[in-house]
Amino acid sequence: MDQIIIRGGRPLEGEIQISGAKNAALPLMAASLLSAEPLILTNLPDLADITSMRHVLESLGTNIQCNGEQGPDSTCTMQSATITETMAPYDLVRKMRASVLVLGPLLAREGHARVSLPGGCAIGTRPVDLHLKAMAQLGAKINLEDGYIEATAPDGGLTGGQIVFPFVTVGGTENALMAATLASGETTISNAAREPEITDLANCLVAMGAKIDGIGSDTLKITGVSSLHGARYAVVPDRIETGSYAVAAAITGGCLKLKGTRLDLIGSVSDILRECGVDIEEDTQQNCLTVSRTNGPIRGVDIITEPYPGFPTDMQAQLMALMATATGASMITESIFENRFMHVPELCRMGANINVHGSSAIVRGVDRLSPAPVMATDLRASVSLVLAALSTQGESVISRVYHLDRGYEHLPEKLAACGAQITRVRNS
Ligand code: UD1
């Protein structure tokens, strides 16, 4: 298994190109199942999760051709002219929970889907009950058997319905939205997630001929159409990658120009960073942000994770690393996932002073973290360890970096280009 070795203590200076958002790209890829015509996606990131989704789609009959370019010039054409299989097997789904996003499109287009239950993951049990209730509201019959979701639409296909989510679910909203585009009649999704990735999906579906009102709000109204056509669509910039590199600038006392991204995508994160002393400037002409720490030490601030537009759970670990080096204390409350503090013991091994009480962590800033061998436990936890290591004087070794490959495109290369001493080594 590969390791990342970081010799920290240098302020990072330079430019980083922000990739397309993993969490937008995955549902957009699943949406290609909704049409027989090609969906051409640009700005698709080169990530392990994207490869996993590609394998799932190919197993269902989607033809995928990519031009081999990276970044904004990357183009992947996905065509599901005929769906040859409506079963997403355990072996593929277990690698990535987001594979469950093929459920809605398969059901809507083919009237049937058999998708492995994704099971739990390191950050919590993460059930899909709300996805299933949403499909049932569109008329589907759902059975759970042998670890699989067996979903069947009535004769004549899915029918529009009223979907009311009791709490916000990103994946549930995406599955419901995709299914509803081809359901006959009107569907209303209430308490829909408002994450930029949902807006991206909705905009792409509209480009494919879907009729959706209320995009960007918590109430989506969809009028079903009989078929969707092809489209060309650029994946939105990754707001979590943007936020993570903003923290890299802050924690090292450096200055980074983050290219190909937007301030509006990271509103709550930039508010918090500014509150704790980080300077963030947007250049809308050049489509970039400049993040620097010019106002002295980082100040501790309190954070609660919430659905968008609140502070994202996917930035909680990175902010905790920053708060570990702040002046004063901060309280970080995780309200989305029940087990998302696995980075805490690892940060403590680097000298952080953090105490967890239920869903809150009290972080008392220390002057400087110290290098240590640490282990990545999930995607965002891994990057928090990278950030912490960048702030230390000395060498840290981070194991199990395959988690990073799921969500951060070319992370060592991007950081090294800004002066980080970071290398990836194979350790069998
Ligand atoms: C997505 C993101 C993930 C992010 C999360 C919250 C992708 C691929 N992943 O995950 O990075 O951390 O949103 O912003 O976009 N829940 C249920 N029943 C359900 C569905 C969800 O109880 O049927 C619970 C979950 O366990 C969790 C909460 O609802 O506690 C929110 O989950 P959800 O928004 O659905 O997250 P994902 O779509 O899995």
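Modeller: The model is predicted, and the values below are computed from its atoms. A search of the whole structure finds 1 disulfide. The bond is formed by Cys66 and Cys76, whose sulfur atoms lie 2.0 Å apart. The pair links distant parts of the chain, with Cys66 in strand β4 (residues 63–66) and Cys76 in strand β5 (residues 75–79), 10 residues apart. The link of Cys66 and Cys76 is right-handed, with 110° about the S-S bond. As to accessibility, Cys66 is partly exposed at a relative accessible area of 38%, whereas Cys76 is buried at 7%.

Two further cysteines can be examined against the same criterion, namely that a disulfide requires sulfur atoms within 2.5 Å. For Cys255, the closest cysteine sulfur is that of Cys418, and because 9.9 Å separates the two, they are too far apart for a bond. Cys255 is partly exposed, with a relative accessibility of 26%. For Cys276, the closest cysteine sulfur belongs to Cys255, and the distance of 16 Å is again too far for a bond. Cys276 is buried, its relative accessible area being 0%.

Turning to the strands, strand β3 (residues 39–42) and β14 run parallel and are joined by 4 bridges. Across this pairing, Leu41 stands opposite Tyr233 in β14. In a regular strand the side chains alternate between the two faces of the sheet.

An open sheet of 4 strands may be considered next. Its order is β10-β11-β13-β12, and its pairing is mixed. The edges are formed by β10 (162–164) and β12 (211–213), each of which pairs on one side only. On average, neighbouring strands of this sheet are turned by 15° against each other, direction ignored. Helix α6 (residues 170–181) lies across β10, β11 (186–190), β12 and β13, and runs at about 25° to β13.

Two side-chain details concern the aromatic residues. The search of the whole structure finds 0 aromatic pairs. A ring does, however, take part in a contact with a charge: the charged end of Arg114 sits over the ring of Tyr148, 4.4 Å from the ring centre.

Leaving aside neighbours within four places in sequence, Leu385 is in contact with Glu346, Leu347, Met350, Val374, Met375, Ala376 and Ile398. By way of a distance along the chain, Leu385 and Glu85 are 300 residues apart, and their C-alpha atoms are separated by 41 Å.

To return to the request, the disulfide found is that of Cys66 and Cys76, while Cys255 and Cys276 are each too far from the closest cysteine sulfur for a bond.

Key: Residues numbered from 1 in each chain as written. Predicted model: local features only at pLDDT ≥ 70, side-chain atom pairs only at ≥ 80, totals over all residues. Heavy atoms only, no water. Phe/Tyr/Trp six-rings, centres within 6.5 Å; stacked < 30°, edge-to-face > 60°. Lys NZ or Arg CZ within 6 Å of the ring centre and 35° of its normal. Helix = DSSP H or I, 4+ residues; strand = E, 2+ residues; numbered from the N terminus. Buried < 20%, exposed > 50% of the residue type's maximum accessible area, 1.4 Å probe, protein only. Pairing = 2+ DSSP bridges. Axes fitted to C-alpha atoms, helices over the stretch in contact; angles between N-to-C directions. Contact = heavy atoms within 4.5 Å.
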